[in-house]
Amino acid sequence: MTPPLPVTVIGGYLGSGKTTMVNHLLRHADGLRLAVLVNEFGELAIDEDLIEAEDDDIISIAGGCVCCSFGSDLTGALLEMAQLDPRPDHLLIESSGVAIPSAIVGSVSLLDGYRVDGIVILADAETVQMNAQSKYMSDTVLRQLSDANIIVLNKTDLVAKSELSETISWLKQQNPNVGILDAQHGVVPPQAVLDSFLEKPASSGRYHHTQNLEMTTLIPDNPCDVEGLAQHLASDAHGLIRAKGFATSLTGQKMLIQVVGNRWDISDAPDHRADGIVCLGYKGEALQSASLAT
C-alpha cells in the first residue's frame with residue numbers, strides 16, 4: 001500500500017520570506033523529489049538556475065522537483081499531483097500572504113492519499129509585532145501565527161538581540177507550544193521542515209547546525225502508551241521541533257509517531273520497524289533531558 005504523501009503548508013504575511021525559504025529547500029532537497037504548489041507562478045520566483053523546463057502549469061526543477069500553479073482550484077491541483085510519475089516525496093503548498101493556512105489544511109484533509117505534516121509560518125522579526133497591531137493586517141497575522149506548528153522567525157539579522165528575545169517571548173504568548181526557528185534569508189535546516197529527511201539516520205548520532213539544533217534518537221521502553229508518548233513529545237517541555245519514529249503499543253502493535261511542533265499523530269506501522277524516535281530540537285539541556293516517560 002502506498003503511504004500518504006506528506007504535505008507542509010507554508011504561510012506568512014507578505015514579505016516574510018516564504019519564497020526565499022522555498023528556494024533554499026529546493027536547493028537542499030538532498031535527493032528528495034519535492035513538489036511545490038503555489039497560487040500563481042507570478043507569486044513564486046523560483047531561482048532561474050534551478051529551472052530545467054517550463055510549460056503552462058508546471059515548472060521542472062533540478063533534482064526531480066516540480067512547481068505547479070493551482071490558481072483557485074487547489075483540490076484539482078492535488079488530484080493532478082497524485083498522478084505524477086515519479087511520485088513526489090513531499091509536497092509544499094505555499095499560501096498567499098493573506099491566506100489562512102488552516103483553511104488550506106482543511107482542503108487537503110478531505111482527499112485520500114495525503115497526510116498533513118504541519119503548518120510552517122514565516123514571520124519577519126523586524127515587523128511581525130507591528131503588523132499584528134495594524135487595523136488592516138492584525139486579524140490575518142495573528143490567525144496565521146496561531147495556526148502554526150513551527151514559526152520561522154526570519155530576518156533576525158535586522159534586529160538587536162534584546163528585541164529578538166522580546167519578539168520570541170511575544171510569539172510564545174500568541175502560540176504557547178509552537179516550535180520557533182530563528183533564520184536569516186530563509187535558511188533553515190530542511191530536517192526541521194520536511195519529515196522525509198528523518199528517514200535518514202544521523203551519521204554522527206547527533207545533527208549539528210549553526211541554528212543551535214541537534215538531532216538524537218530516543219529508544220522507548222516497550223511496550224508503552226504510544227499516544228501518551230506522542231503527546232508528551234509534542235509538549236513544550238523539551239524544545240523539540242520535530243520527532244518521528246516507531247514504538248510498540250501496549251497491545252503489541254507497532255506504531256509510527258510523528259511530531260511537528262505542537263502537532264502529533266500516530267498510525268499503524270509495519271512490525272519489522274525497529275523502535276526508536278528521531279528527535280530534532282534545540283541544543284543543550286532541553287533536548288538532552290528529553291525523557292520518554294509520560
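Student: Which residues of helix α2 (residues 74-81) are buried?

Tutor: Leu74, Gly76, Ala77, Leu78 and Met81 are the buried ones. Buried means under 20% relative accessible area, exposed means over 50%, and partly exposed lies in between (1.4 Å probe, protein chains only). Bear in mind that this is a predicted model, in which local features need pLDDT of at least 70, side-chain atom pairs count only at pLDDT 80 or more, and totals for chains, interfaces and linings use all residues. Residues are numbered from 1 along each chain as its sequence is written, and side-chain values use heavy atoms, with hydrogens and water left out.

Student: What makes α2 a helix, and what do the buried residues of α2 pack against?

Tutor: Helices are DSSP runs of H or I with at least four residues, strands are runs of E with at least two, and numbering starts from the N terminus. The buried residues of α2 pack against β2 (34-38), β5 (65-69), β6 (90-94), α3 (101-109) and β7 (114-124).

Student: What makes a set of residues a nonpolar core?

Tutor: The set must consist of buried Ala, Val, Leu, Ile, Met, Phe, Trp, Tyr and Cys residues joined through side-chain atoms within 4.5 Å. The largest one here has 39 residues, and Leu37, Leu78, Leu91, Ile93, Tyr114 and Leu145 have the most contacts inside it. Strand β7 gives the most to this core, with 5 residues.

Student: Which residues does leucine 37 touch?

Tutor: With contact meaning heavy atoms within 4.5 Å, the partners of leucine 37 include Leu74, Ala77, Leu78 and Met81, leaving aside residues up to four places away in sequence.

Student: Why is the pair of arginine 27 and aspartate 47 called a salt bridge?

Tutor: The rule asks for a side-chain nitrogen of Lys or Arg within 4 Å of a carboxyl oxygen of Asp or Glu. The closest N and O atoms of arginine 27 and aspartate 47 are 3.1 Å apart, so the pair qualifies. Arginine 27 lies in helix α1 (residues 18-27) and aspartate 47 in the loop between β2 and β3 (51-54), so the pair ties together parts that are 20 residues apart in sequence.

Student: Are arginine 115 and aspartate 117 buried or exposed?

Tutor: Both are buried, and they form a salt bridge at 3.3 Å between the closest N and O atoms. Salt bridges with shared partners join Arg115, Asp117, Asp195, Arg242 and Lys244 into one network.
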